[in-house]
Amino acid sequence: DVLALRMAKFKGNINLAEFKSVMLASLRSLVKGWGSLHEVSWCWLWEIIERMLKKLMGRPVKQEAALSAFLGSLDDASWMTIRWEVYSKFFALAPASEEYFKQS
């Protein structure tokens with residue numbers, strides 16, 4: 001979802017096959033001990049991501065308008081409830097993150 005949202009902001013043509021090739025070349029040079037199993041795994045993962053991205057192409061722009069309208073309609077009490085729920089769930093899923101927030 002995050003990648004699709006970032007890509008939606010890009011003006012121009014996005015070539016996912018080219019991105020795959022560039023990432024694969026980068027991984028080969030950066031990952032020590034890169035082998036054929038890594039190669040197969042990366043290609044498998046990218047095929048799944050590419051399929052998901054293609055399904056989402058064009059949707060984030062439409063969803064952004066709906067989300068902006070929804071968020072604009074919330075009152076302060078609703079915002080506080082949403083914040084509480086998001087942080088409660090986040091800290092339950094990633095307990096170590098709570099320590100980070102206490103420090104900053």
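Reader: Trp 42 and Trp 46 in helix H3, how far apart are they along the helix?
Author: They sit four residues apart in H3, so about one helical turn separates them. Bear in mind that this is a predicted model.

Reader: OK. How are the rings of Trp 42 and Trp 46 arranged, then?
Author: The two rings make a stacked aromatic pair. Their centres are 5.9 Å apart, with 25° between the planes. That counts as stacked because the planes are under 30 degrees apart.

Reader: Is Trp 42 buried or exposed? And Trp 46, buried or exposed?
Author: Trp 42 is buried, at 12% relative accessible area. Trp 46 is buried too, with a value of 2%. The cut-off for buried is under 20%.

Reader: Which residues make up the aromatic cluster there?
Author: Phe 19, Trp 42 and Trp 46 form one cluster.

Reader: And how many aromatic pairs are there?
Author: The count comes to four aromatic pairs.

Reader: Switching to the helices. At what angle do H2 and H3 pack?
Author: Helix H2, residues 16-30, packs on helix H3, residues 36-56, at about 150°. Their axes are 11 Å apart. An angle over 145 counts as roughly antiparallel, so that is how H2 runs relative to H3.

Reader: Is that crossing left-handed or right-handed?
Author: The H2 and H3 crossing is right-handed.

Reader: Which residues meet in the contact of H2 with H3?
Author: On the H2 side you have Leu 16, Ala 17, Phe 19, Lys 20, Met 23, Leu 24, Leu 27 and Arg 28. They meet Glu 39, Trp 42, Cys 43, Trp 46, Glu 47, Glu 50, Leu 53 and Lys 54 in H3.

Reader: How many of those are nonpolar, polar or charged?
Author: In the contact of H2 with H3, 10 residues are nonpolar and six are charged, with no polar ones.

Reader: Let me pick one of the charged ones. Where's Glu 50, and is it buried or exposed?
Author: Glu 50 is in helix H3. It is buried, with a relative accessible area of 15%.

Reader: What does Glu 50 touch?
Author: Leaving out residues up to four places away in sequence, Glu 50 touches Leu 16 and Ala 17. Both of those are on the H2 side of the contact.

Reader: New topic: where is Lys 11?
Author: Lys 11 is in the loop between helix H1 (2-8) and H2. It counts as exposed, at 72% relative accessibility.

Reader: How far is Lys 11 from Lys 55?
Author: Their C-alpha atoms are separated by 18 Å, while along the chain Lys 11 and Lys 55 are 44 residues apart.

Reader: Last one. What about Leu 71, which helix is it in?
Author: Leu 71 lies in H4, residues 59-72. It is partly exposed, at 30% relative accessible area.

Reader: And how far is Leu 71 from Cys 43?
Author: C-alpha to C-alpha, they are 38 Å apart in space, and 28 residues apart in sequence. Cys 43 is one of the H3 residues that meet H2.

Technical notes. Residues are numbered from 1 along each chain as its sequence is written. This is a predicted model: local features need pLDDT of at least 70, side-chain atom pairs count only at pLDDT 80 or more; totals for chains, interfaces and linings use all residues. Side-chain values use heavy atoms; hydrogens and water are left out. Axes are lines fitted to C-alpha atoms, for helices over the stretch in contact, and angles run from 0 to 180 degrees between N-to-C directions. Helices (H or I, at least four residues) and strands (E, at least two) are DSSP runs, numbered from the N terminus. Angles under 35 degrees count as roughly parallel, over 145 as roughly antiparallel, 65 to 115 as roughly perpendicular and the rest as oblique. A crossing is left-handed if the near helix is turned anticlockwise from the far one by less than a right angle, and right-handed if clockwise. Contact means heavy atoms within 4.5 Å. Ala, Val, Leu, Ile, Met, Phe, Trp, Tyr, Cys and Pro count as nonpolar, Asp, Glu, Lys and Arg as charged, and the others, Gly among them, as polar. Rings of Phe, Tyr and Trp (its six-membered ring) pair if their centres lie within 6.5 Å; planes under 30 degrees apart count as stacked, over 60 as edge-to-face and the rest as tilted. Buried means under 20% relative accessible area, exposed over 50%, partly exposed in between (1.4 Å probe, protein chains only).
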